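Hi there,

Here is the structure I promised to pass on to you. Have a look at it first, and then read on for what turned up when I went through it.

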2 protein chains.
Amino acid sequence: MINFKQIGIIHSPFENRESMPIQPCFAEGAKGRVVLESKYMEGLKSLDGFSHIILVYQFHEAEEFSLTQKPFLDTAEHGIFAVRHPSRPNYIGISTVKLIAIDKNILEVENIDILNNTPLLDIKPYVPAFDSYPEAKSGWLETKITK
Amino acid sequence: MINFKQIGIIHSPFENRESMPIQPCFAEGAKGRVVLESKYMEGLKSLDGFSHIILVYQFHEAEEFSLTQKPFLDTAEHGIFAVRHPSRPNYIGISTVKLIAIDKNILEVENIDILNNTPLLDIKPYVPAFDSYPEAKSGWLETKITK
């Protein structure tokens, strides 16, 4: 077992899976608030220069995982590692959201696709040179979505 | 405490931090191999259509975390949440790598920036519509890197 700790909480307008956009790109404008435990506040130094951040969190309301899933966007079954469904062997979620403002230990974000009261595990700066691959092929999702 | 489990292991040519590229974009061509525990093999179904995948892993050799860090690319100190340094409150790493081939429970990948024998926590499909923000501003890193 590998232990991680909750370092904050993510607030959003989404109280349950049914009301939630499935990814940030479908959540345009949805506003959220990340409340970092104040003891970690110093860790936010110079984050304000980034327009986007990656939130790493626990899928705290996910059901028991299954190795194949029929995802929201398809009627066929796919392997759990080929979908972004929350019911994974490890309940870790990652979402890139827009960073609007930082006030002390509170981050205002936009385009959030995360359930209200989700436990926060990490915040990473989004860096296009590391994270952006606009030409990547997205397999079974290729024909299902347009940004 | 939130418990996660190791689901596989990541092999790479990098035996220590000193020999390692700091991000996949600097690791062009570096080949790695992800060995998923065979009991999770079914979870790889239809992943082969994706050109890139996101590996989620434990920074298993990171030192005790510190809330500010002088990152590899700068001489100034930044908050830990504004850098991708491994010594974080939770030792979770994420890297987007190129998927070359899948053979049963083994994935051949390229452009890897991960230490040899790193514990694997999750594999997610990289989807440009969700993950690619080429115009994002990267704060203090803006002038330090070009892809």
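Strand 7 of chain B gives the largest share of the lining of the largest pocket, namely three residues. Please keep in mind throughout that this is a predicted model. Along with strand 7, strand 4 (52–58) of chain B also supplies at least two residues of that lining. The space in this pocket comes to about 570 Å³. Its lining is made up of 31 residues, and those closest to the centre are R17(B), M20(B), F72(B), R84(B) and P86(B). Sorted by class, the pocket lining has 17 nonpolar residues, seven polar ones and seven charged ones.

The structure holds one cavity of 30 Å³ or more, and the volume of the largest cavity is about 110 Å³. Of the 14 residues lining this cavity, I54(A), D131(A), I54(B), I94(B) and T96(B) are the closest to its centre. The elements that give two or more residues to the cavity lining are strand 7 (92–103) of chain A and strand 7 (92–103) of chain B. By class, six of the lining residues are nonpolar, four are polar and four are charged.

Next, the fold of chain A. Six of its strands close into a barrel, in the order 2-3-8-7-4-9, with antiparallel pairing. From one strand to the next, the twist averages 45°. If you want one pairing to look at, strand 3 (residues 31–36) and strand 8 (residues 106–110) of chain A run antiparallel and are joined by five bridges. There, R33(A) has E108(A) in strand 8 of chain A as its bridge partner.

K104(A), in the loop between strand 7 and strand 8 of chain A, has a phi near 55°, which is a positive value in a residue other than glycine. Its relative accessibility is 62%, and since the cut-off for exposed is over 50%, K104(A) counts as exposed. N117(A) also has a positive phi without being a glycine, in this case near 70°. That residue sits in the loop between strand 8 and strand 9 (118–125) of chain A. N117(A) has a relative accessibility of 37% and therefore counts as partly exposed.

How many aromatic pairs does a search of the whole structure find? Over all chains, the number is seven. In one of them, the ring centres of Y40(A) and F65(B) are 6.4 Å apart and the planes stand at 45°, so this pair is tilted. The pair crosses between chains: Y40(A) is in the loop between strand 3 and strand 4 (52–58) of chain A, and F65(B) is in the loop between strand 4 and strand 5 (68–69) of chain B. Y40(A) is buried, at a relative accessible area of 5%, whereas F65(B), at 23%, is partly exposed. Y57(B) and F59(B) form an edge-to-face pair, with 5.5 Å from centre to centre and 85° between the planes. Both Y57(B) and F59(B) are buried.

Over to you now, and enjoy looking around!

Best wishes

Terms used:
Residues numbered from 1 in each chain as written. Chains lettered and ligands numbered in written order. Predicted model: local features only at pLDDT ≥ 70, side-chain atom pairs only at ≥ 80, totals over all residues. Heavy atoms only, no water. 1 Å grid on protein atoms, 1.4 Å probe; cavity = no way out; pocket = protein on both sides within 12 Å on 5 of 7 lines; lining within 4 Å. Points joined across faces, edges and corners; volume = space filled by probe spheres on them. Helix = DSSP H or I, 4+ residues; strand = E, 2+ residues; numbered from the N terminus. Nonpolar A, V, L, I, M, F, W, Y, C, P; charged D, E, K, R; others polar. Pairing = 2+ DSSP bridges. Axes fitted to C-alpha atoms, helices over the stretch in contact; angles between N-to-C directions. Buried < 20%, exposed > 50% of the residue type's maximum accessible area, 1.4 Å probe, protein only. Phe/Tyr/Trp six-rings, centres within 6.5 Å; stacked < 30°, edge-to-face > 60°.
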